[in-house]
Amino acid sequence: MRISQFLLATAKETPADAEIASHRLMLRAGMIRKLAAGVYSFLPLGMRVVHKIRDIVREEMNRIGALEILMPVVQPAELWRESGRWNYMGPELARFQDRHGRDFCLGPTHEEIVTDIIRSECHSYRQLPVVVYQIQTKFRDERRPRFGVMRAREFIMKDAYSFHTDEASLEATYRDMHQAYEAILQRLSLDYRAVAADSGYIGGSTSHEFHVPADSGEDEIVFSTESDYAANIELATGGLPESAVDEAALDCVATDTGDAATIDAVCELLEVEPRRLVKTLIVHAADENGAPGDDLVALLLRGDQSLNETLARQLEGVGSPLRFADDETISERLGCAPGCLGPVRSLGIPVIADHCVTAMKNFICGANRAGHHLVNANWERDCGYDEVAHIRTVREGDISPDGKGTLTIRRGIEVGHIFQLGTIYTEALNASVLNEQGKPTVMHMGCYGIGVTRLAAAVIEQYHDERGIVWPDSVAPFRLVIVEIDAHKSEQVREQSESLYRQAQAAGIEVLLDDRDRKTSPGVKFAESELIGIPHRLVVSPRALAEGGVEYTSRRNSEKSLVAADAAIAMIAELPADS
């Protein structure tokens, strides 16, 4: 490709709203242009990268036997109502009506549509397992689109779905998909972590996220320094590094604490550290459908720890989504204001204690009496709990739950998420096949998403410097750029450039020839080749030719060398990837 025939839309200035490296560089390199908040057009340079990522994703999906399909972006409301998600999804689901007043939405995901297809086409266990995928445009009406294509409203995604006769088959495909995602990320030369994750609004019992560590990441990922343990912070568990103090039980005293109703106020009054306190949080219990009901549940944490709401809402008996009881409800139902509540026997509701609470001795807690706290309270004698669970948010330096090493927390970009859905959607949409005994059996289902356009941004987040993008070879829009210098003055420069260009094409090297005229200075040409991140550069100039060759530069290490013109293309063809 010649630049004179290519829409190279680089820019010197960066829009003020471009906060992270990938957003800034995708705009400056001319990969994308903003149309509206969270909606971007991809220009030729950007599309070349997107196609490279698509091809890698497609190859790895095909390798595990997945079948490519294409489903509509526009989806009828009937299927979403059938699954129960039409109202559950909330404002992220972009809804509209056609001219006949029928409800539709723009697909943020395709569980309903693919289940409808499979229930219509698969009727026997002999047709399973089946795995289908698409590479499609999605639309989610994000409340706050930001970071360019990293959190856009419209984006390109690969979503795959599998259907099975039983859990064992689902788990086998889940493992295959996990390995395929690892292969994709490795081929993109990305440093990544696969972590246990919450299933969120997609649902299901088991899920893993694939994160690319980056300072610009919106999620926090937790992993052990000495083992394979890794989890999203929403699901991470761990032990506190300090061991329990072996001290004798002291006499418990109900102490007047007046208006002190917060952890900080009680600590200041009693001159103790927050770690000496047990705090009591009141949430709504689950009703018969699992949603927040009228009954209440108490959750106990150490005073210096914070509640992990994701873990809390997954507890049996706790309503989901998690809903805290308001002050009025607490006072009316428990007979005491929230600031003085504690796990004493008079509380009268189920009590779930975090693991870190159970080892505490001579602690301070609310006395269930206005203006009073218990000092030197101990379990069994003064207070109690009904159940123990991990419900606190882990911190840097906590003990890994497997006992190996400590926990490290890093920011990460979620680029992929895989789920074992079980029968959530197939039961709701009555998707079944006949088993070996000829009886209907509801299919088990998995779903597997990876963001194509988000991957492009994630690669840039890990591969850039002060001059621009540094593409890995696998996704670079071009592998080689040939830069002509003073071709208008030297016929030899023009002829040598054309010869190298033809040789590169014949060798199957994706090449960009910078054949712009003298109005474009050498400095601009060099700066733009570095900005757009092409891995290898050959400079054809009168000076280099006079010295017997052409100048070679690697974008990765910026080292320059003079190579013989007739050997330059062969040398580049033999270079290992990302050299």
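The model is a prediction, so local features are reported at pLDDT of at least 70 and side-chain atom pairs at pLDDT 80 or more, while totals for chains, interfaces and linings use all residues. Residues are numbered from 1 along each chain as its sequence is written, and side-chain values rest on heavy atoms, with hydrogens and water left out.

First, the overall picture. The protein chain has 16 helices and 30 strands; both are DSSP runs, numbered from the N terminus, with helices (H or I) of at least four residues and strands (E) of at least two. Along the principal axes, the C-alpha atoms fill a box of roughly 95 × 65 × 45 Å. Of the 579 residues, 52% count as buried; here buried means under 20% relative accessible area, exposed means over 50% and partly exposed is in between, using a 1.4 Å probe and protein chains only. As for contacts (heavy atoms within 4.5 Å), 69% of those between residues at least 6 apart in sequence join residues at least 24 apart.

Helix H2 gets a closer look. After H2 comes Gly65, with a positive phi near 90 degrees.

H2 also carries a charged pair of its own. Asp55 and Arg58 form a salt bridge, with the closest N and O atoms 3.8 Å apart; the term covers a side-chain nitrogen of Lys or Arg within 4 Å of a carboxyl oxygen of Asp or Glu. The two residues are 3 apart in H2 (residues 44-63), so about one helical turn separates them. In general, an α-helix has 3.6 residues a turn, so residues three or four places apart point the same way. Asp55 is partly exposed at 36% relative accessibility, and Arg58 is partly exposed too, at 26%.

The structure holds 37 salt bridges. Arg479 and Asp473 make one of them, with the closest N and O atoms 2.7 Å apart. Arg479 is buried at 17% relative accessibility, and Asp473 is buried at 14%. Arg543 and Glu547 make another, with a closest N to O distance of 3.6 Å, but here both residues are exposed. Salt bridges that share partners also tie Asp465, Glu466, Arg467, Glu530, Arg537 and Arg555 into one network.

On to the rings. A search of the whole structure turns up 6 aromatic pairs; rings of Phe, Tyr and Trp (its six-membered ring) pair if their centres lie within 6.5 Å, and planes under 30 degrees apart count as stacked, over 60 as edge-to-face and the rest as tilted. Phe363 and Trp379 have ring centres 4.6 Å apart and planes at 40 degrees, which makes the pair tilted. This pair links distant parts of the chain, 16 residues apart: Phe363 is in strand E17 (residues 363-366), while Trp379 is in the loop between strands E18 (372-377) and E19 (387-389). Phe363 is buried at 0% relative accessibility, and Trp379 is buried at 13%. Trp379 also pairs with Tyr385, this time edge-to-face, at 5.0 Å centre to centre and 80 degrees between the planes. Tyr385 is partly exposed at 30%. Together, Phe363, Trp379 and Tyr385 form one aromatic cluster.

Charges sit over rings as well, meaning NZ of Lys or CZ of Arg within 6 Å of the ring centre and within 35 degrees of the ring normal. The charged end of Arg48 sits over the ring of Phe478, 4.0 Å from its centre. Arg193 lies over the face of Phe223, at 4.8 Å from the ring centre.

Finally, the cysteines: the count of disulfides (pairs of cysteine sulfur atoms within 2.5 Å) comes to 0. For Cys267, the closest cysteine sulfur is that of Cys365, 13 Å away and too far for a bond. Cys365 is in no disulfide either, its nearest cysteine sulfur being that of Cys383, 3.8 Å away. Cys267 is buried at 7% relative accessibility, and Cys365 is buried at 1%.
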